[in-house]
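Please read the following briefing alongside the sequence and the coordinates. It goes through annotated spans, interfaces and confidence in turn.

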Amino acid sequence: MAQAAPVLNHSKPLKHGHNVKRHTGLMDWITTVDHKKIAILYLWAGGLFFGIGGLEAILIRIQLIKPMNTFLNAQLFNELITMHGTTMIFLGVMPIIFALMNAVIPLQIGARDVAFPFLNALGFWTFLFGGLLLNLSWVMGGAPDAGWTAYAPLSTSTYSTTHGVDFYTIGLQIAGLGTLIGGINFLATIITMRAPGMSYMRMPMFAWTTFITSAIILFAFPAITVGLVLLTFDRILGANFFEVGAGGNPVLWQHIFWIFGHPEVYILILPAFGIISEIIPTFSRKRLFGYSSMVFATILIAFLGFMVWAHHMFTTGLGPVANALFSVSTMLIAVPTGIKIFNWLFTMWGGQVRFTTPNLFAAGFIPTFTMGGVTGVMLASAPADFQFHDTYFVVAHFHYVIVGGLVLGLFGGLHYWWPKMFGRMLSEKLGKWTFWTFILGFHMTFFVQHFLGLMGMQRRVFTYLPNQQFDLLNLISTIGAGLMGVGTIIFLTNVFLTSRKPVGALDDPWEDGRTLEWSIPSPPPEYNFKQTPLVRGIDALWKEKTAGNKGMTPAEPVGSIHMPSATALPFVMSVGIFIAGLGFMFSRDDFGNAFMSFIFNNYIVTAIGLLITFGSMVLRSVFDDHGWHIEPEELEEG
Amino acid sequence: MTTAHAEAANGTLPHEPEKATLEGRNKVLAFWLFLGGEAVLFGTLFATFLALRNQTNEGPTANELFHLPLVAAATFILLVSSLTSVFAIQAMHRNRPAVLRNWLLITVVLGLGFLGLEIYEFSEYIRHEEFGMTTSAFSSAFYTLVGFHGAHVAFGIVWIGILIAQLSRKGLNVITAPKIYVSAMYWHFIDVVWVFIFTVVYLLGKVG
Amino acid sequence: MTTDQQTPQGGVKHRYRHEGPQKHIVVFIFSIVLTLIAFAAVAAGGVNASFAVILLLVMAVLQVFVQMGYWMHLKDKGHMLPILFMIGGFFVAGTCIIMSLYWVWWD
């Protein structure tokens, strides 16, 4: 019997779970509020955008393969570099980070779901529709072309006359909303949903870095929200924030962008630190060296991360005092980061190290990321930065930390948790091929770019003249990019082949799992834990293993489990925002069609979109979701 | 949790009904987190305003524009509405839904009064002072900062209005109580932001 | 939850002592006084500008402090995390404001 009506008397829960309306197929994915399914949605959507961003990178590298190349024109090149950066950061790696957080965090802290399953779904759908809006620009009059930093005045309507930058501001605004929602959700989840006995200082490192990352999201994203609003108002309403002629100031944009933008870098890298801190102890069969110093270092990095933004702006002329201040604060970040590097090394030291695919990525991460960190300290020196600024040295630096750091971490994490997410082990053989092609390609692409930068090659130029000794290094760089592409294709092949295999991964497929997610089946049932586990120490499962126990000790008897209802409202709300965004973006256009001009120029489309979104919010508020229950007898069947 | 639900079914309420269930506690906590983010949002808007406050582009300056009596009236109204929403929560804690509803209604009416004054103020500036969004960097920053606050007030009015309707229909229980508590937090926060707006925008604008 | 006692009539006798409105009225009057001082200082004119800035900011911060403490219950126990996150928010907001005052324009 399919029953959709909410149960009004919640003191009498539904007797059986299957009385609740269950969606199948596409509707199941649209209406799901299960963190494990949302994780998979994040993974596919993030993977799709990662692929698009990767293709853009390949096109950029093909254009730069030789001097005076005419493969792309300058305009298209500008659009590609802008979209490559924006897509990779906001739509590629951040969603994949959220995929891993969603898949793993509730399991690691012994929770049945996140604190706000509805908001979790809403965060995903707003991200997806923001990303779709941004990428619609390719077929609706041209992509944004002012660089991923969208510096004014280049990004103002005077110099950027297409709708490209509008797609950037509105698309990122919507996607950013989703990220903020996700951040708040994970903060609340980690604060209130931990299993009995799991104190803060017993949380796995990945839970800690997720917690701190979410806090950075909470405090950094509102700044870019405002920045994007200001730029949108300048471009669409004719405001003067960045219009020098009317008293505006373009440097203000740079400040606001980087007050968000620098913490954003730590939003990206801290989860990778967490992933590495999970993989290395597992495959060294040792507990993480210096756990509390790791926690301390993570907090310190987050704190310092808000005080260094102006190191992106040394050349704007802030003056010697500000430049010195921001140089010193930037160099300080090397201290907690160094603590982490040494802790990982000391964890491996004397351990029974097994080089599985995840551990290869983790081991490759350490030296690669350290190189990126070292060039970071070089760039932190303000006088030297005047030479490095806007050269390929900077491009090499941030690709070392983001690709060599974060992307290697993500590949490691995906290989590590894949059996937990999908119940199937990825092929170790193909995984190792992925690692070697990817990391070789990576160093080929970006190591030479340090020298290109030092030799004076500017970033963001669409071509260069011959006979400046740039030719060979650029050729090597492009070949390396192709190799990274091959590595990614091997990974996709691995995913495809694995998906044809039957589900059969063990609860603890790596055999040395230390944390709670390895104490339950792969993939976990809808309710995760039949009985909430009792946590008796750091590395909860490992502690039980060393005590000779088969699994976790339950903290509660088997009982009825309350579950949230599936709902399409998050999807509908995001569609509403999407429509409102498009409507606002084209509100000043002449469509040459009376009807279209009427509905856009009078903000009717915007109003309809907002009505859909706010109407859905009202529905959500007025009709309470009492959820449904899974009864003990069904748990036995499962 | 079960206890709280049972009490709600009996028509009685626990002492702090907003925190009686895990869902309620989560909601209150997450709303605090959200307000932390809101602080940054308004902080950035204030920063923008402060950076551009003297960039009048030969248009009206703050000193020429602002009339203190109007601002004082708006301030007083919003301050009183913050007090009435405190009384609303006190009535909620005493399990007096009718009193609660009345205080919420008064809060909404005061909010509407504040919003009316703001709309009047903006329309005066636009019609008589030739001070619009596009006049100068100062005008853009002024309208964006104060307008964002006004939009928050408008959202709060609609929100509390919907909660009043729900209160009449569903009564006061462990599901409606956290919603009302959170909306009161929101309303206080709006008041706190206004304290900074009247100080930084209006009074310091007059001082120069 | 168990501290409420069931009376024979089925009503509930609370063991809690509900706070009265007095405290909040005091906070309200305090806020009004601070606001009046701020407005009066500006309306009267003739106050030294840099002194006025400090006076106005002190009035605003005091008022916000008291309202958040009493009206938003931040002074009550069990509010450690909210306080922590509000401090975080105000810290980043303050960073933005320092930026706008010192590092946007060339002097």
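In this predicted model, residues 70-91 of chain B are 100% helix and 0% strand, with the end C-alpha atoms 32 Å apart. That span is one of those for which UniProt, in an unreviewed entry, gives the annotation "transmembrane region" in chain B, the others listed there being residues 29-50, 103-120, 140-165 and 186-205.

**Annotated spans of chain B**
- Residues 186-205 of chain B, also listed by UniProt as "transmembrane region", are likewise 100% helix and 0% strand, and their end C-alpha atoms lie 27 Å apart.
- The unreviewed UniProt entry also places the feature "domain: Heme-copper oxidase subunit III family profile" at residues 29-206 of chain B; over this span the model is 85% helix and 0% strand, and the end C-alpha atoms are 39 Å apart.

**Annotated spans of chain C**
- For chain C, the UniProt annotation "transmembrane region", again from an unreviewed entry, covers residues 25-45, 51-71 and 83-105.
- Residues 51-71 of chain C are 95% helix and 0% strand, with 29 Å between the end C-alpha atoms, while residues 83-105 of chain C are 87% helix and 0% strand, with their end C-alpha atoms 34 Å apart.

**Interface of chain B and chain C**
- Contacts here join 52 residues of chain B to 51 residues of chain C, and the two chains bury about 4,400 Å² between them, 80% of it on carbon and sulfur atoms.
- On the chain B side, H15(B), W32(B) and L79(B) lose the most area to chain C, and together they account for 15% of what that side buries.
- Between chain B and chain C the count of salt bridges is zero, and four residue pairs are in polar contact, both residues being at pLDDT 80 or more.
- Helices α1 (2-9), α2 (22-52), α4 (68-93) and α7 (176-207) of chain B each supply at least two residues of the side that touches chain C, and the residues of that side divide into 33 nonpolar, 13 polar and six charged.

**Interface of chain A and chain B**
- In this interface 39 residues of chain A are in contact with 37 residues of chain B, and about 2,900 Å² is buried between the two chains, 74% of it on carbon and sulfur atoms.
- Two salt bridges are found across the interface of chain A and chain B; the side chains of D624(A) and K170(B) meet in a salt bridge at 3.1 Å, N to O.
- The count of residue pairs in polar contact between chain A and chain B is 12, with both residues at pLDDT 80 or more.
- On the chain A side, α5 (164-192), α6 (205-237), α7 (250-284) and α19 (604-622) each supply at least two residues of the side that touches chain B, and α6(A) gives the most, with 10 residues.
- By class, the side of chain A that touches chain B has 26 nonpolar, 12 polar and one charged residues.

**Confidence**
- The predictor gives the complex an ipTM of 0.94 and a pTM of 0.94.
- Chain A averages a pLDDT of 94, and 96% of its residues score at least 70; over residues 1-18 of chain A, however, pLDDT stays under 50, and the model has 31 contacts beyond four places in sequence for them.
- Chain C averages a pLDDT of 84, with 83% of its residues scoring at least 70, and over residues 1-14 of chain C pLDDT stays under 50, with 25 contacts beyond four places in sequence.

Terms used:
Residues numbered from 1 in each chain as written. Chains lettered and ligands numbered in written order. Heavy atoms only, no water. pLDDT = per-residue confidence, 0-100. Contact = heavy atoms within 4.5 Å. Buried area = accessible area lost by both parts, 1.4 Å probe. Salt bridge = Lys/Arg side-chain N within 4 Å of Asp/Glu carboxyl O. Polar contact = N/O pair within 3.5 Å; in protein donor to acceptor, adjacent residues only side chain to side chain. Helix = DSSP H or I, 4+ residues; strand = E, 2+ residues; numbered from the N terminus. Nonpolar A, V, L, I, M, F, W, Y, C, P; charged D, E, K, R; others polar. UniProt positions renumbered as here; feature names shortened; annotations may be inferred.
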